[in-house]
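Here is a briefing on one protein chain. Keep the sequence and the structure open while you read.

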Amino acid sequence: MSTSAAKHRALPQTVLPPGKSTAELQVELHSLRQVQALKELVQQGSWTMIDLHDMLPLEGKPHHLTAGTLRGDKMLNVAPLAFMSKDFKDVVVFFHLGRSLCGHDKVIHGGMIASVLDEVTWMAAIPSMPGKAGYTANLNVNYRKRVSAETFVMVKGEFKQVEGRKGWSKATIYDVEDESVLADGTALFVSPFKPEEATASK
């Protein structure tokens, strides 16, 4: 074994400190002022609470990135909480991003940020797409500030327009503390020629 290989194997493993339990995070999530405001809109009838992954086939959920693969301790250990306007044009989703989703230590990986934006732009676009099905054709992401691990973020998605089989939407990620913009993106989705054959995955 080479000296460099031996040194590599000898590197200590990172030990993460214990975080909040899923139950504690659930309480914290539902206590967020933005969540409380949206729940009031739900009671007024202008918004509804939805299941982020409701359109996924049951057998596919364990293998879906955010519904299955990344669910777990220090990742997405709390189910995202999602709301949609009754006109299906706007969506707001709350995520808790754990420390095992990092690039730089304690900073959420840019690929994870892009995945969150992809998920929410898709949610905003899909109700207006032909056959309510579509696949990501283009995603442009702007990283505005670093996203710290073990925090909640609020993501607002907005449907923009549809032309034939193409649909456009945008999404913005906010810090729940001061609502500063952390990242934003625009996306283009294309509906398949036979929407009934789509599996509701992007």
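Is Q34 buried or exposed? Q34 is buried, with a relative accessible area of 7%. Buried means under 20% relative accessible area, exposed means over 50%, and partly exposed lies in between (1.4 Å probe, protein chains only).

This is a predicted model: local features need pLDDT of at least 70, side-chain atom pairs count only at pLDDT 80 or more, and totals for chains, interfaces and linings use all residues. Residues are numbered from 1 along each chain as its sequence is written, and side-chain values use heavy atoms, with hydrogens and water left out.

**The chain overall**

- The chain has five helices and seven strands. Helices (H or I, at least four residues) and strands (E, at least two) are DSSP runs, numbered from the N terminus.
- Along the sequence, the pattern reads α-α-α-β-α-β-β-α-β-β-β-β.
- The chain holds 202 residues, and 41% of them count as buried.
- The chain exposes about 11000 Å², and carbon and sulfur atoms supply 53% of that area. Accessible areas come from the Shrake-Rupley method with a 1.4 Å probe; for residues, only the protein chains shown count as cover.
- Take the contacts in the chain with a separation of 6 or more: residues 24 or more positions apart account for 68% of them. Contact means heavy atoms within 4.5 Å.

**The sheet**

- Seven strands form an open sheet, in the order β1-β2-β3-β5-β6-β7-β4, and the pairing is antiparallel. Two strands pair if DSSP finds at least two bridges between them.
- β1 (47-50) and β4 (135-143) stand at the edges. Each has a single partner strand, so one side of each is left without a neighbour in the sheet.
- The twist averages 20° from one strand to the next.
- Strands of a sheet pair through backbone hydrogen bonds, either parallel or antiparallel.

**Strand pairs**

- β3 and β5 run antiparallel and are joined by eight bridges. F95 has V153 in β5 as its bridge partner.
- β5 and β6 pair in the antiparallel sense over ten bridges. Here E163 stands opposite K166 in β6.
- The hairpin of β5 and β6 has two residues between the strands, and G164 takes a positive phi near 60°.
- β4 and β7 (residues 181-190) also run antiparallel, with eight bridges between them. Y135 stands opposite V190 in β7.

**Helices on the sheet**

- α3 lies across β1, β2 (81-85), β3 (90-97) and β5 (151-163). α3 runs at about 115° to β1. Axes are lines fitted to C-alpha atoms, for helices over the stretch in contact, and angles run from 0 to 180 degrees between N-to-C directions.
- α5 packs on the sheet too, touching β1, β2, β3, β4, β5, β6 (166-175) and β7. The direction of α5 makes about 130° with that of β6.

**Helix against helix**

- Helix α2 (residues 22-31) packs on helix α3 (residues 33-44) at an angle of about 60°, with the axes 5 Å apart.
- α2 and α3 are therefore oblique to each other. Angles under 35 degrees count as roughly parallel, over 145 as roughly antiparallel, 65 to 115 as roughly perpendicular and the rest as oblique.
- L29, H30 and S31 of α2 make the contact with R33, V35, Q36 and K39 of α3.
- By class, this contact has two nonpolar, three polar and two charged residues. Ala, Val, Leu, Ile, Met, Phe, Trp, Tyr, Cys and Pro count as nonpolar, Asp, Glu, Lys and Arg as charged, and the others, Gly among them, as polar.

- Q34 lies in helix α3. Beyond its neighbours within four places in sequence, Q34 is in contact with F94, M154, V176 and E179.
- V120 sits in helix α5 (residues 110-125). V120 is buried, with a relative accessible area of 0%. Not counting residues up to four places away in sequence, V120 touches V91, V93, F95, V155, K156, G157 and A171. V120 and T172 are 52 residues apart in sequence and 8.9 Å apart in space, C-alpha to C-alpha.
- I50 is in strand β1. I50 is partly exposed, with a relative accessible area of 26%. Leaving aside neighbours within four places in sequence, I50 is in contact with A82, F83, M84 and M123. I50 and A82 are 32 residues apart along the chain, and 5.5 Å separates their C-alpha atoms.
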